[in-house]
Amino acid sequence: MTSMRRLLVFREDALVVPETPGLPDPVVALDPETFEAELLLDRAVQSIEPEGPLDITLPLDPPRPPPPGTGPFRAVVVPQRLHGLEVRPPLNPGARPAGVEGVVPRDDRPELLLTVFPTKVTASGAQALELAQDVLDIDELVLTLRVLSLSGSAVITVALETGMQIESTKGWVSAGAFSAVSSAPTALVRPFRNLLRYVRWSATLSGASPAATFFLSGVGRTWSTEFAPVEMRLT
Amino acid sequence: MSQPQPVLLTEAPVRVTGAGKEALRLVHDVAPYSVLDLELQVFDGTNVELRLLTSMSNDSEEDWLEVDRFIPTTAPGAERKTFFPLLRYARWEVLSASAATFLLHGIGSRRLGFLPTDIDNCAVWLRADLGISVVSGAVSSWMDKSGLGNHMSQATSSKRPAYVANAVGGQPALSFDGVDDHLTGTLATVFAGTTQDLTIFSVANIDSTTPSGRAALYELTDDPTITNRGPMLFISGGTSFFWRCFDTGAGQASYASPPFDSWHVHHGWHQTTERRVYLDNVEKASNTTDVSSHDLTAHTVGILQPSAAPPPYYPLKGMIAETIVYQRKLADAETALVHAYVKSRYGF
């Protein structure tokens with residue numbers, strides 16, 4: 001993988017290969033007309049040849065120090081479906097990667113972590129706004145809720161809330177809920193769609209002196225572009 | 001990846017000697033797909049039952065959840081089924097105990113079309129191709145796909161509706177015998193409150209020979225031993241269709257000459273001060289009498305008062321392909337979405 005790590009990435013679903021040694025043959029067969037137009041909007045791309053292979057000219061990205069003695073250089077965009085690798089997603093999937101990103105093989109794709117550990121709750125409440133996930137690029141979340149422990153007669157209902165901002169709790173609405181869980185361990189799965197920009201979990205606890213520990217993770221998928229799916233942990 | 005892709009859960013026919021799961025080292029990364037349309041081909045074996053499991057991890061036997069299961073299939077035979085939602089990994093599991101040879105493959109798609117759960121407050125979604133457990137050709141349980149766990153089941157084998165593979169538009173349905181077939185379940189979470197705004201859809205075909213012209217499509221109740229406790233969609237006397245909510249009749253909306261022997265979408269919505277009933281999204285009747293509502297704890301398809309002393313009340317002779325319940329009155333645009341989905345799916 002050493003050579004792969006030299007590759008530059010400017011979108012989650014494509015590699016930008018500086019220079020052109022060993023390019024896969026299918027690249028020259030790509031039709032520029034069908035290439036994702038949105039890719040061309042990236043500020044790193046200055047021009048693209050309307051005909052022929054997808055050779056593009058990249059200006060040096062201002063935040064990056066230019067390699068000594070080089071000016072604009074040639075590069076080729078390789079869509080994910082051709083390079084067959086997965087790109088490490090940005091910590092915040094709604095934001096664009098700012099610079100050089102590492103490339104990892106499919107089986108080593110990292111998870112998106114906001115908090116690493118299962119969450120214990122002793123009262124009803126929602127995830128802190130600063131921990132809300134940006135899901136701007138995600139059309140569908142399929143989440144699995146694993147309730148690891150419940151104390152006493154506790155019953156927990158975990159819902160997903162979605163909102164357009166993370167400055168206040170105003171305007172946050174429900175994106176759906178898992179069924180109530182009254183025994184542990186229990187695992188549930190369900191999809192969530194029609195999401196606004198951010199999501200966070202909300203837990204409702206009932207019962208005497210309730211406490212519950214749960215873990216919420218899943219896959220975020222995009223329909224409209226060729227972004228790679230990302231794994232998510234909401235707890 | 002935006003185009004559907006072939007997915008081979010078995011690359012060649014697999015021979016099993018009994019129940020078991022696909023080895024962890026062979027599990028499939030299905031992260032790119034929202035839905036799998038799979039075909040199970042059975043080359044050898046009787047009543048071969050197979051289900052799909054999904055998980056976020058491929059290195060542990062724990063936390064694998066059932067996505068759905070195929071109808072038991074006997075060789076030579078084939079079954080097609082849609083599987084969703086999917087976590088990152090998927091694997092098959094053979095549930096039947098006898099030897100079998102099968103092939104499992106299909107198409108993975110990135111996008112799933114409109115689902116009833118796309119509209120907020122979907123509390124029950126029962127579809128005849130999803131979450132069905134079939135025993136000897138009859139449905140023993142029907143899993144609610146709303147995500148809220150409002151499942152239904154029938155423990156008595158003689159009271160289970162039959163599974164009909166190609167009932168309407170190539171899609172399956174449950175066939176009720178007009179004697180005592182029904183499925184019932186306790187609501188996982190009580191529908192609570194003194195106001196119970198509801199919208200209920202039933203995609204059904206009522207047989208003209210339904211006994212005494214009485215047939216229940218769906219009932220919500222807080223007491224399955226007595227009647228008129230919650231919203232009900234039913235036919236009575238063979239002449240009128242009723243949308244009755246929370247009382248004995250003063251608050252009901254009904255219309256005459258309901259259709260028989262053909263597929264339709266029966267739906268009604270209820271608010272404290274008003275309720276309306278529709279046939280194929282055409283309003284048929286309304287009622288503006290105030291009715292007092294109460295908590296609801298159970299629901300049933302195919303009969304009323306499932307726990308009442310015999311004889312069974314309003315046993316349906318006919319078929320139900322889908323039942324959807326929302327815990328609010330849907331806006332007209334939302335109702336139109338549901339109808340467009342039904343028309344697209346069932347072709348009527």
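**Figure 1. B:Arg328 and B:Glu334 in chain B.** B:Arg328 is buried, and B:Glu334 is buried too. Their side chains meet in a salt bridge, with an N to O distance of 2.7 Å. This view, like those that follow, is taken from a predicted model. Over all chains, the structure holds 21 salt bridges.

**Figure 2. The salt bridge between B:Arg127 and B:Asp129**. The closest N and O atoms of B:Arg127 and B:Asp129 are 2.7 Å apart. B:Arg127 has a relative accessible area of 6% and is therefore buried. B:Asp129 also counts as buried, because its relative accessibility is 8%. Elsewhere in chain B, salt bridges that share partners join five residues into one network: B:Glu49, B:Arg51, B:Glu66, B:Arg69 and B:Glu93.

**Figure 3. A salt bridge between two strands of chain B, formed by B:Asp37 and B:Arg80**. The side chains of B:Asp37 and B:Arg80 meet with an N to O distance of 3.7 Å. This pair links distant parts of the chain, since B:Asp37 lies in strand β5 (residues 35-44) and B:Arg80 in strand β8 (residues 77-83), 43 residues apart. B:Asp37 is partly exposed, with a relative accessible area of 21%. For B:Arg80 the value is 61%, so this residue is exposed. The cut-offs behind these words are under 20% for buried and over 50% for exposed, with partly exposed in between.

**Figure 4. Strand β23 of chain B and its pairing partners**. Strand β23 covers residues 263-271 and is mostly covered, as eight of its nine residues are buried. Strand β18 (residues 198-206) of chain B pairs with β23(B) in the antiparallel sense, over eight bridges. In this pairing, B:Ala204 stands opposite B:His264 of β23(B). Strand β24 (residues 274-279) of chain B also runs antiparallel to β23(B), and six bridges join the two. Here B:Trp269 has B:Arg276, in β24(B), as its bridge partner. Two residues lie between β23(B) and β24(B), and the two strands form a hairpin.

**Figure 5. Two cysteines of chain B, B:Cys122 and B:Cys245**. How many disulfides does the whole structure hold over all chains? A search finds zero. B:Cys122 is in no disulfide, and the nearest cysteine sulfur, which belongs to B:Cys245, is 18 Å away. For B:Cys245, likewise in no disulfide, the nearest cysteine sulfur is that of B:Cys122, at 18 Å. A pair counts as a disulfide when the sulfur atoms are within 2.5 Å. Are the two residues buried or exposed? B:Cys122 counts as buried because its relative accessibility is 8%. B:Cys245 is buried as well, with a relative accessible area of 0%.

Figure 6. With a relative accessible area of 13%, A:Ser202 is buried. Which residues is A:Ser202 in contact with, leaving aside neighbours within four places in sequence? The contacts are A:Gly125, A:Ala126, A:Thr157, A:Val158, A:Ala159 and A:Glu161.

**Figure 7. A nonpolar patch on the surface of chain A**. The patch is formed by A:Met164, A:Val173 and A:Leu196, which together have about 260 Å² of accessible area. A:Met164 is found in the loop between β12 (155-163) and β13 (173-177) of chain A. Its relative accessibility is 54%, so A:Met164 counts as exposed.

Figure 8. Chain A has two helices and 17 strands. Of its 235 residues, 50% are buried. Among contacts in chain A with a separation of 6 or more, 69% are between residues 24 or more positions apart. The chain exposes about 10800 Å², and carbon and sulfur atoms supply 56% of this area.

How values were computed:
Residues numbered from 1 in each chain as written. Chains lettered and ligands numbered in written order. Predicted model: local features only at pLDDT ≥ 70, side-chain atom pairs only at ≥ 80, totals over all residues. Heavy atoms only, no water. Helix = DSSP H or I, 4+ residues; strand = E, 2+ residues; numbered from the N terminus. Buried < 20%, exposed > 50% of the residue type's maximum accessible area, 1.4 Å probe, protein only. Contact = heavy atoms within 4.5 Å. Areas by Shrake-Rupley, 256 points an atom, 1.4 Å probe, with all protein chains shown as cover. Patch = residues over 30% accessible without salt bridge, like charges linked within 9 Å, V, L, I, M, F, W, Y side chains within 5 Å. Salt bridge = Lys/Arg side-chain N within 4 Å of Asp/Glu carboxyl O. Pairing = 2+ DSSP bridges.
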